[in-house]
Amino acid sequence: MSEVSSFSEQPGQDTRPGDPRFFHRSGPFTVEQLAEVSGADFAPAKAGGKSLFRGVAPLHVAGPDEVSFLDNRRYLPLLAETRAGAVILGPAFADKCPEATAAFVSKSPYLAWARVASAFHPAPPSTGFCHPSAVIGKNVALGENVQVGPCAVIGDGAHIGAGSIIGAHASIGQSVEIGERCRIHDHVTVSHARLGERVTLFPGARIGQDGFGFAVGPAGFETVPQLGLVVLEDGVEIGANSTIDRGSMKDTVIGAGTRIDNLVQIGHNARLGRCCIVVSQAGISGSTELGDFVTIAAQAGLIGHIKIGDKARVGAQCGVMSDVEAGADVIGSPAMPFREFFRNVATLRKLSARKTESS
Amino acid sequence: MSEVSSFSEQPGQDTRPGDPRFFHRSGPFTVEQLAEVSGADFAPAKAGGKSLFRGVAPLHVAGPDEVSFLDNRRYLPLLAETRAGAVILGPAFADKCPEATAAFVSKSPYLAWARVASAFHPAPPSTGFCHPSAVIGKNVALGENVQVGPCAVIGDGAHIGAGSIIGAHASIGQSVEIGERCRIHDHVTVSHARLGERVTLFPGARIGQDGFGFAVGPAGFETVPQLGLVVLEDGVEIGANSTIDRGSMKDTVIGAGTRIDNLVQIGHNARLGRCCIVVSQAGISGSTELGDFVTIAAQAGLIGHIKIGDKARVGAQCGVMSDVEAGADVIGSPAMPFREFFRNVATLRKLSARKTESS
Amino acid sequence: MSEVSSFSEQPGQDTRPGDPRFFHRSGPFTVEQLAEVSGADFAPAKAGGKSLFRGVAPLHVAGPDEVSFLDNRRYLPLLAETRAGAVILGPAFADKCPEATAAFVSKSPYLAWARVASAFHPAPPSTGFCHPSAVIGKNVALGENVQVGPCAVIGDGAHIGAGSIIGAHASIGQSVEIGERCRIHDHVTVSHARLGERVTLFPGARIGQDGFGFAVGPAGFETVPQLGLVVLEDGVEIGANSTIDRGSMKDTVIGAGTRIDNLVQIGHNARLGRCCIVVSQAGISGSTELGDFVTIAAQAGLIGHIKIGDKARVGAQCGVMSDVEAGADVIGSPAMPFREFFRNVATLRKLSARKTESS
């Protein structure tokens, strides 16, 4: 069942995941290949079953040559009725598979799923094609097999590493360094920046523009030149329409493996450690530093010049005005420990109800 | 008085609305035509008056061949002095018109105004011209009378419906389907998406990029392929620089007639019903579902995997962490009913003042 | 020591500020020239010292022919050890300079710094070059020495003032007026707008699209035509990916010298006075008016149709639902005076702790 549903025939229905008109596709794969890719243990179907798989699909949609996924007890009824040829799941659910369904059992089922789905649908590789409408400056160093999209503009002296993809309308500024196997999507602006390997910038990300710096003069504000760069280390991902300003006298640095969602603002001189997560519409003000594995939830805001310790977690819409210790969980505006925040909410609700009764 | 003011001659003054250098213009129209277009009742001016109208203008600016508008008692003094040839207003103000001014009386005066103003200033129709600098892929199906702007890029296999306009620098991805009479403004990115009819995307909107999905691996985060699409149903409008991620295993769907303002984030797998309003800088996290006619005010944030019932209203800056019932009004972070929120504010103010007095 | 460090030789180290591969560079300058530029008093080094300077650098990096800066007592230990040829500092620190370091003493050291750094690193002037890939419409008036970047699109009848720079992929709409010496960065969209002199728009700024206006009709929302413009007065700066909607029946106006950071939303008909500051991710709703010298901190939100008086300061994440008096400081959601907000926070903390003890 790897045929593609026609949109016009199924109005109101979801598109089949991984529709080949939109997505790159690989495979088929044997169970042994998928077991190796995913790191999961393989338990064959009791009642025969396929040994060659062609794609992934949700439990209620998957057919006998597709792999599906379960990680939540809530969906056990769907598991009981699935026609999927195989399912990736945790040890607790391993014996719940229907007889015709093989089990890939993993202590990290979501990770196993990520790997299996990526095997079937790898990110499309570089075509190595440089579109004739692209505008390439002087002394640009393009590595092997670099793809440059229509109307992309690459400034003088830029370096683009082997296997990287520069999307349509992307603008890469003078002297910018981009490492190997990066994916710079359409409409991205990068200037005054150095990128490591495997960096991904989603559409409309703005990297390297001036930080928001000025002095008050007698006739209005006067710009303070912003003379640092942006450094994005290996494996960093920056979401659509997010903005990362370059440093003023040092660099703005995003540590290796950190993932930043859409519409996030990172001010000049900020330093993020390795493997941080910054969710959509959060903002990190200038010169603030994050350790490693820090999580900043959606719409949170961090004032400038503070430090957030390793593995700290900042809740959604939190307003952080001072340092946060390593491992701490904070929320609220101003930020406070999770427990304190919810205790405050409960206290105020009780006091408010009492006042209403007595008045 | 339909001449246009010169900018240089009137420093500091507002431009006359609908300046023909910037806006498409239609007309003139007779009163009968305007009455029909607007659905309003027409009461002719007591003292003669024009029967042919050439444009719209505010009360204090409009001349005898222009139509103006009143919907707020506060502006009655301006009505008394207006030189407008006609005014659209509600029944309560119908007898307040000056003698030389005709009245269009409507129970929905703002709607009547929308229609009259749109008659004089319709959105510019497609020129049907495909600019030679545009880059059109293979097997692209362009309907009748499609306009494609300079430097636009359209990927292989895309479908663009009749009468649609693709703006300058827009990037339409491979296999994307765009219905009839859509307006895709400059610098928009659309990939992995199907759009119905009359969809409008304002500049810099990002539609269809990867959702924010990854698993934690031994050496850092590993991407979970995002294999669904974005579906924008008929009449949807998406504001400037807003971002709508495609689904992971199903589609992200925005229901017919829904209007989304600027800088809004919609996460993967979210589902919005019909005629919802999402105001600027609000964020809706992954897999959250909205019913029909839901209003999300500015800067509100909704956590993932919750449901918001029909006609619910979420206030500005609200932080919604759990389901909201149909018709409910919530505000605050965490969200609570409007009355409870303002009671809490009052309670805390009183307690705080008392503590200060007694200390 | 004006050589440039090689990236590959110094992994993990900051780039030297003002790296000539990325930044325009001027000079060298004599002390007299720098004293004049900065308005600071000059105190020569006790132990000889350079009289010709080649650049700026932080205290711990600067060499004998570079100028550095101190404005915070915290960094006095760095001053004691600096090798900088000169340091800009306030009167209180003037006698703390090492013997080989000259002092530029100013009551406004940050302003003096802005001017000295700008002398060494002026914003790059227009090349006067119009890239052949740019698409220029009919009757476009380009002033003297205008630079137009690759793939820029300029609509019919637009005016671009002398010395202005239009970046790569910028889209300037029909009849738009841009004054002299403006800097329109890459990927900017401007339509329905008039810009004064020295206006700077950072990448991805969206100026002049439709405001969010519609009436409720029987079959859904109906658009109210947005017939005003955006007016950006002299010296205005708009950050990356910020959005400024045009007016509905009058103009949206940003007053001279006002600076707007990244990802800010300004609704239709809003009026900002002179020299306001609006920090990243803040939002100002339609028809709201700000006086002069107003500061709106990050992620604050202002409801529509209110007035904010001169020199008022709105705190980060503040939710402003009513007028704010001139000179007031407000914070919280809903907005309240700073003192009241922090008193409320303290009160609730105490009450909450007491309830926990007694329960």
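Mentor: Let us start with a definition: two strands pair if DSSP finds at least two bridges between them. Helices (H or I, at least four residues) and strands (E, at least two) are DSSP runs, numbered from the N terminus. This is a predicted model, in which local features need pLDDT of at least 70 and side-chain atom pairs count only at pLDDT 80 or more, while totals for chains, interfaces and linings use all residues. Residues are numbered from 1 along each chain as its sequence is written, chains are lettered from A and ligands numbered from 1 in the order in which they are written, and side-chain values use heavy atoms, with hydrogens and water left out.

Trainee: In what sense do strands β17 and β20 of chain C pair?
Mentor: They pair in the parallel sense, over two bridges. Strand β17(C) covers residues 189-190 and strand β20(C) covers residues 206-207. Opposite T189(C) stands R206(C) of β20(C).

Trainee: Which sheet of chain C do they belong to?
Mentor: They belong to an open sheet of 10 strands, with parallel pairing, in the order β8-β11-β14-β17-β20-β25-β28-β31-β34-β37. At its edges are β8 (135-136) and β37 (319-320) of chain C, each of which pairs on one side only.

Trainee: What holds strands of a sheet to one another, in general?
Mentor: Strands of a sheet pair through backbone hydrogen bonds, either parallel or antiparallel.

Trainee: And β21 and β22 of chain C: parallel or antiparallel?
Mentor: Antiparallel, over four bridges; β21(C) comprises residues 214-217 and β22(C) residues 220-223. A hairpin of two residues joins β21(C) to β22(C). The bridge partner of G217(C) is G220(C) in β22(C).

Trainee: Moving to chain B, what is the order of the five-strand sheet?
Mentor: The order is β2-β7-β6-β5-β4 in chain B; this sheet is open and its pairing is mixed. The edge strands, β2 (41-43) and β4 (55-56) of chain B, each pair on one side only. β4(B) pairs in the parallel sense with β5(B), residues 66-69, over two bridges. Within that pair, V56(B) has V67(B) of β5(B) as its bridge partner.

Trainee: Why do you say that the copies A and B meet through different surfaces?
Mentor: Only 19% of the interface residues of chain A are also interface residues in chain B, so the surfaces used are different. Contact here means heavy atoms within 4.5 Å.

Trainee: How many residues does each chain bring to the A and C contact?
Mentor: Chain A brings 69 residues and chain C brings 62. The buried area is about 5,000 Å², of which carbon and sulfur atoms give 61%. Buried area is the accessible area (1.4 Å probe) that two parts lose on being put together, summed over both.

Trainee: How many salt bridges are there between chain A and chain C?
Mentor: There are three, a salt bridge being a side-chain nitrogen of Lys or Arg within 4 Å of a carboxyl oxygen of Asp or Glu. One of them links R21(C) to E177(A), with the closest N and O atoms 4.0 Å apart. On the side of chain A that touches chain C, β18 (193-195), β21 (214-217), β22 (220-223) and α4 (338-358) of chain A each supply at least two residues. The largest share, eight residues, comes from α4(A).

Trainee: And what does the contact of chain A with chain B take?
Mentor: That contact takes 62 residues from chain A and 69 residues from chain B. Chain A and chain B bury about 5,000 Å² between them, 61% of it on carbon and sulfur atoms. The salt bridge count between chain A and chain B is three. The side chains of R21(A) and E177(B) meet in a salt bridge, at 3.9 Å from N to O. On the side of chain A that touches chain B, the elements giving two or more residues are α3 (109-120), β27 (259-260), β30 (277-278) and α4 of chain A. Here α4(A) gives the largest share, nine residues.
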